[in-house]
Amino acid sequence: MSSAYRPLLAIVLLVVSTWALSTQEASGKWVMELGLPLFVVMFVRYAVHVVLVLALTWSKMGIRVFRSHHYAMQIIRGSTSLFAILTIFMALSYLPQAETTAIFFLAPLLVLCIAPWFLAEPSRWYRWLAAFVGFVGVMVIVRPSAGLHPVGVIYALIGACVIAVQFLCTRKLAADHSMTTLLWTGLVGLLGGLILIPFKWHEGVAVLSDFAPWQWLLLLNIGFCGTFGHLLQIKAYQHAPASLLAPFNYLQILSAAVLGLLIWGDFPDAWAWLGILIVCASGIVVTIVEWRNNQGVKKLVQGMIEGK
């Protein structure tokens, strides 16, 4: 049964997903350095995404994979996903991968802060404290002496905010099948790619005409790794609760650092690692506090039910 509690399998799947997503970002950064316009990269990424999701789901779900309880929210989530990918790759075109990834991990902290307004959750002071500490970590990473391009930093911060909105939209779609949400993400992204690609069509064709086979594989790899990265995350969360898996998401910073070192020779310095550790620590600590509070609420509710 896919929902069986298998924590070790879930952790392995999540760790592999972090490598897949980092590989997606590294591949996108690489092909853009080869001169391929971002809009062309986006079109190919989402085209591969839609084909893969349909190939994996059609035999079991058929037309049902398109059916949603909230089509408007699916379109909103898909749009935020497209915008997030655009800002991610724009940031990566200016910044090293590890530092960019670390900035994006402000998103889970932002979700906790703005959830009371969007999800009617209680506002808790420690969420704001964790977000502030995480922001301090980001400031350590992007300090003036780091030499990071300010435009790239701005794109990364915008990306973190957009990713936070995407997380909130995902939670609003809890009633939909996870593969339906994944498919609609791809469909909206593909439509966006179709709208944007004419602006860079001639430039894109000129670059693609000179692509070697390995460069075509690198381009297609963006879609493969991005899609399978998200699929592995879905499978991981089917086997273990988010409270257990949340800290392992931060291993994506490590995978990004390793790929950045292997491909571009980039590696965060000691100050950058300090900032990364601050961001990770703030996220992990608030996750632990949230889990303990939720356990306390569950015990209280259970006690009331049992008449204690």
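## Arg-77 and its polar partner

In this predicted model, the side chain of Arg-77 makes a polar contact with the side chain of Thr-185, at 2.4 Å. Arg-77 has its place in helix α3, and although Arg-77 is buried, it has no salt bridge, the nearest side chain of opposite charge being that of Asp-176, 9.3 Å away.

Leaving aside neighbours within four places in sequence, the residues in contact with Arg-77 are Gln-166, Cys-169, Thr-170, Leu-173, Thr-181 and Thr-185. Two of these, Gln-166 and Cys-169, are listed among the buried residues of helix α7, and the buried residues of α7 pack against α3 (71-92), as well as against α4 (97-104) and α5 (107-118).

## Helix α7

Helix α7 covers residues 150-172, which makes 23 residues, and the helix reaches 34 Å from its first C-alpha to its last, close to the 33 Å expected at 1.5 Å a residue. The buried positions in α7 are Gly-152, Val-153, Ala-156, Gly-159, Ala-160, Val-162, Ile-163, Ala-164, Gln-166, Leu-168 and Cys-169. An α-helix has 3.6 residues a turn, so residues three or four places apart point the same way.

Ala-160, one of the buried residues of α7, can be related to helix α5 through Pro-108, which lies in that helix. Pro-108 and Ala-160 are 52 residues apart in sequence, while their C-alpha atoms are 8.6 Å apart in space. Pro-108 itself is partly exposed, with a relative accessible area of 28%.

## Cysteines

The structure holds zero disulfides. Cys-169 is in no disulfide, and the nearest cysteine sulfur, that of Cys-161, is 14 Å away. Cys-169 is buried, with a relative accessible area of 7%, and, as noted above, Cys-169 is in contact with Arg-77.

## Salt bridges and a buried glutamate

The count of salt bridges comes to two. In one of them, Arg-143 pairs with Asp-269, and the closest N and O atoms are 2.7 Å apart. Arg-143 lies in the loop between α6 (125-141) and α7, and Asp-269 lies in the loop between α12 (251-264) and α13 (270-306), so the pair ties together parts that are 126 residues apart in sequence. Arg-143 counts as buried at 13% relative accessibility, whereas Asp-269 is partly exposed, with a relative accessible area of 38%.

In another salt bridge, the side chains of Glu-203 and Lys-200 meet at 3.5 Å, N to O. Glu-203 is partly exposed, with a relative accessible area of 40%, and Lys-200 also counts as partly exposed, at 33% relative accessibility.

## Gly-35 and the end of α1

The 27 residues of α1 should span 39 Å at 1.5 Å a residue, and the end C-alpha atoms of α1 are 39 Å apart, which agrees. Just after α1, Gly-35 takes a positive phi of about 105°, and Gly-35 has its place in the loop between α1 (7-33) and α2 (38-61). At 30% relative accessibility, Gly-35 counts as partly exposed.

Gly-35 touches Glu-203 and Val-207, not counting residues up to four places away in sequence, so that Glu-203, the salt-bridge partner of Lys-200, is also a contact of this loop glycine. The C-alpha atoms of Gly-35 and Leu-208 are separated by 9.2 Å, although the two residues are 173 residues apart along the chain.

Technical notes
Residues are numbered from 1 along each chain as its sequence is written. This is a predicted model: local features need pLDDT of at least 70, side-chain atom pairs count only at pLDDT 80 or more; totals for chains, interfaces and linings use all residues. Side-chain values use heavy atoms; hydrogens and water are left out. A disulfide is a pair of cysteine sulfur atoms within 2.5 Å. Buried means under 20% relative accessible area, exposed over 50%, partly exposed in between (1.4 Å probe, protein chains only). Helices (H or I, at least four residues) and strands (E, at least two) are DSSP runs, numbered from the N terminus. The expected span of a helix is 1.5 Å times one less than its number of residues. Contact means heavy atoms within 4.5 Å. Lys and Arg count as positive and Asp and Glu as negative; His and the chain ends are not counted. A salt bridge is a side-chain nitrogen of Lys or Arg within 4 Å of a carboxyl oxygen of Asp or Glu. A polar contact is a pair of N or O atoms within 3.5 Å; within protein, one must be able to donate a hydrogen and the other to accept it, and residues adjacent in sequence count only if both atoms are side-chain atoms.
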